[in-house]
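Biologist: Could you walk me through this one? I'd like to go over the charged pairs, the sheet and the aromatic rings.

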Amino acid sequence: MASVRAAGILSRFSSTTRYSLFTGYTCRNFTVYSAMLARTHVSYEVNGDVAVVRFNSPNSKVNTLSRELQSEFTQVMSEVWANGAVKSAVLISSKPGCFIAGADINMIEACSTAAEVTSLSQEGQRMLQKIEQSPIPIVAAINGSCLGGGLEVAIACQYRVATKNKKTVLGTPEVMLGLLPGAGGTQRLPKMVGIPSAFDMTLTGRNIRADKAKKMGLVDQLVDPLGPGLKGPEERTMEYLEEVAVECAKGIANKKISLKKEKGLMQRLTDYVMGIPFVRKQIYNTVQTKVMKQTKGLYPAPLKIIEVVQTGIEQGSDAGYLAESQKFGELAMTRESKALIGLYHGQVACKKNKFGTPQKEVQRLAILGAGLMGAGIAQVSVDKGLHTILKDTTEEGLSRGQQQIYKGLNDKTKKRSITSFERDSIFSNLTGQLDYSGFNKADMVIEAVFEDIHIKHKVIQEVEAVIPPHCVFATNTSALPIKDIASVSKRPDKVIGMHYFSPVDKMQLLEIITTDKTSKDTTASAVAVGLKQGKVIIVVGDGPGFYTTRCLAPMLAEAVRALQEGVDPKKLDALTTGFGFPVGAATLADEVGIDVAAHVAEDLGKAFGSRFGGGNVEVLKTMVAKGFKGRKSGKGCYIYQEGTKNKNVNPGVEEILEKFKIAVNPEVAKDSDVQYRLVSRFVNEAVMCLQEGILTNPVEGDIGAVFGLGFPPCLGGPFRFVDSYGADKLVEKMRKYEHVYGNQFTPCQLLVDHAKDASKKFHK
């Protein structure tokens with residue numbers, strides 16, 4: 001802040017220094033203001049009659065709209081507007097991969113009241129209204145991420161030029177943090193791209209590529225990225241982007257480029273239809289109905305976005321801007337926003353390798369087992385440039401795995417994420433085989449064979465006979481203790497667990513499991529590979545079920561009990577999704593696989609005893625015996641048919657449940673009781689994992705639960721849920737259930753400690 005104050009003082013002086021730069025035969029004059037010397041986030045120079053303003057947040061890979069950047073940007077633009085020689089301006093970043101990534105979240109979190117956050121929003125609105133009403137044309141030159149507040153800066157400008165680069169994405173992700181665009185975005189976007197597109201952007205938070213942004217009217221001109229030359233491709237592209245933007249700025253100032261867009265027939269027709277109040281009302285109602293269906297009303301931000309957009313359109317800009325700032329302030333104080341922002345910080349923390357740089361980088365990977373998991377792991381590996389061997393025991397299994405990988409890559413081609421040439425180039429990183437040739441050069445082997453300790457022992461012995469001394473052996477298991485798998489290893493320091501989640505190319509989480517013998521370098525290698533694969537990583541201690549499976553198992557056991565008590569699978573799904581889980585408990589069991597659930601229930605039941613009881617495991621075993629293994633077999637709790645999303649309850653399962661039906665106690669059978677029975681067992685196990693040292697911190701516990709198991713994001717994870725709901729209230733509920741069901745609901749000591757002392761929180 002000292003630099004900002006110094007810049008403010010210096011800017012009062014009008015003295016300037018002139019420099020002449022000679023490049024070949026051309027001479028370029030530009031002016032540097034002495035105030036620039038004190039600025040750290042924003043600088044500018046005057047190139048002829050064009051001011052080129054550069055964003056560059058220090059000590060950061062991205063630019064954010066922090067207080068410092070906003071203050072310096074305001075000062076710089078005041079100086080630019082005061083300079084009569086300047087006829088136009090260009091806004092550009094000094095960071096090749098980022099224009100502006102959004103507002104500084106810490107700035108919002110530092111506020112203690114809604115009024116403070118509203119004030120922040122209004123400051124941003126005022127700043128960008130000046131940009132919008134600028135006496136000279138301003139061109140935004142976009143390369144890399146242009147998100148949230150960054151997009152709001154860009155759309156306040158008179159013209160936008162963007163690179164046709166994969167890294168160039170535009171979007172409004174505020175909804176993912178439980179917020180709304182707070183610097184005029186809800187008011188400008190509908191005018192720029194139309195009401196339907198504005199709702200799609202603000203309600204989904206999806207990233208928009210530059211070519212699509214051009215078609216939508218979000219960007220005015222595209223610039224092709226340049227390849228390598230005397231300078232690197234990024235540097236050349238940035239220089240070229242700046243040249244094009246400067247020429248556009250001059251063209252607009254000289255009236256050679258018109259800012260008035262000619263509308264086609266369809267656009268004029270759309271504008272006419274949108275001018276009818278009845279049509280607009282129908283759109284608001286349709287969007288609201290869709291939001292309620294998807295969110296169950298558990299997320300306040302989407303509903304506020306609809307309200308604020310509607311206010312601006314129906315009551316005018318002044319009312320719209322006021323509503324935007326007020327709702328922005330209100331949302332920032334909600335439990336849901338705090339939970340989602342907590343997950344964002346956790347995600348950032350779990351994308352760093354706290355174990356340091358491994359001694360040898362993993363460049364060659366070998367995967368054992370070409371089934372669903374093995375092929376999935378191979379796909380996310382070759383996709384990131386890792387040379388990967390995929391080994392299976394049969395030609396048929398190997399072929400199926402290779403087809404799965406090719407299909408995954410080809411789907412990206414269909415979506416235009418990659419070209420067919422890029423698809424084939426990525427696929428060429430894969431080598432499919434039936435033997436161990438090439439394993440002598442592998443840096444890491446990941447086994448994804450069947451969940452059987454004897455098979456895993458056989459595999460580890462075979463592999464250790466052919467791999468080099470430095471090679472890491474990772475096992476993809478969901479429940480078997482790593483120390484048991486490593487018991488036959490000659491090098492237990494090189495053995496580690498890497499638990500991926502299905503489908504591997506969609507699920508973000510990777511749970512890494514270490515034993516007391518796993519070396520730090522082995523852990524560093526596993527984390528480095530996971531990060532390269534694009535995963536969010538938690539590192540946990542060894543034990544039956546580790547962290548994620550151990551939390552999920554008691555909840556599924558309770559779900560089976562609820563089914564036995566007469567709760568219909570569809571009703572059970574409705575209760576769990578109504579609490580905030582993206583997938584219902586019955587559907588989740590089908591997705592996991594009924595055979596896998598039965599296997600895990602038995603194993604963990606042996607390890608933890610009656611505490612892990614609940615529903616009768618024979619229900620699951622009988623389903624498996626009848627071939628009801630879940631989605632993969634076409635029948636589980638539901639019947640699955642290709643080409644239709646609607647699924648009916650499996651009559652065969654209804655017969656099984658009738659056979660195993662148990663009496664229900666009305667004291668614990670209300671809908672809310674069923675919900676809290678499921679959730680409390682999940683949460684209690686999570687807290688116990690922290691108590692026992694399986695987890696090292698609550699942050700990784702929340703990330704693992706949300707990104708691996710679908711714990712409601714609006715609650716922020718089990719630990720944040722305890723903080724916000726109240727440990728005392730949760731323990732009280734659990735004691736009630738304990739009275740009926742016994743030790744399966746006995747709260748762990750750490751949870752009891754938090755219940756006794758309200759000042760104890762998992763998150764400060």
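**Charges, sheet and rings**

Modeller: Let's start with a pair: Glu235 and Lys231 form a salt bridge, with 4.0 Å between the closest N and O atoms; the term means a side-chain nitrogen of Lys or Arg within 4 Å of a carboxyl oxygen of Asp or Glu. Bear in mind that this is a predicted model, where local features need pLDDT of at least 70, side-chain atom pairs count only at pLDDT 80 or more, and totals for chains, interfaces and linings use all residues. Numbering runs from 1 along each chain as its sequence is written, and side-chain values use heavy atoms, leaving out hydrogens and water.

Biologist: How many salt bridges does a search of the whole structure find?

Modeller: The search covers the whole structure. Its total of salt bridges is 44.

Biologist: Where in the chain do Lys532 and Glu361 sit, and how many residues apart are they?

Modeller: Their side chains meet in a salt bridge, 3.7 Å from N to O. Lys532 belongs to helix H20 (residues 520-532), and Glu361 to the loop between helix H14 (335-349) and strand E13 (364-368); helices (H or I, at least four residues) and strands (E, at least two) are DSSP runs numbered from the N terminus. So the pair links distant parts of the chain, 171 residues apart.

Biologist: Glu396 also forms a salt bridge with Arg400. What separates Glu396 and Arg400 in helix H16?

Modeller: The closest N and O atoms of this pair are 3.6 Å apart. Glu396 is exposed at 59% relative accessible area, and Arg400 is exposed at 52% (exposed is over 50%, buried under 20%, partly exposed in between, with a 1.4 Å probe and protein chains only). Because they are four residues apart in H16 (residues 395-414), the separation is about one helical turn.

Biologist: Which strands stand at the edges of the open sheet of eight strands?

Modeller: The order is E15-E14-E13-E16-E17-E18-E19-E20, with mixed pairing; two strands pair if DSSP finds at least two bridges between them. Each edge strand has a single partner strand, so one side of it is left without a neighbour in the sheet. Those strands are E15 (430-433) and E20 (536-541).

Biologist: Is helix H29 mostly covered or uncovered, and how many of its residues are buried?

Modeller: Helix H29 spans residues 718-725 and is mostly covered. Its buried residues are Pro718, Phe719, Phe721, Val722, Asp723 and Tyr725.

Biologist: What kind of aromatic pair do Phe719 and Phe762 form?

Modeller: Rings of Phe, Tyr and Trp (its six-membered ring) pair if their centres lie within 6.5 Å; planes under 30 degrees apart count as stacked, over 60 as edge-to-face and the rest as tilted. Both Phe719 and Phe762 are buried. Their centres are 5.1 Å apart and their planes lie at 75°, so the pair is edge-to-face.

Biologist: And the ring of which residue lies under the charged end of Lys733?

Modeller: A charge sits over a ring if NZ of Lys or CZ of Arg is within 6 Å of the ring centre and within 35 degrees of the ring normal. The charged end of Lys733 is 4.7 Å from the ring centre, and the ring belongs to Tyr676.
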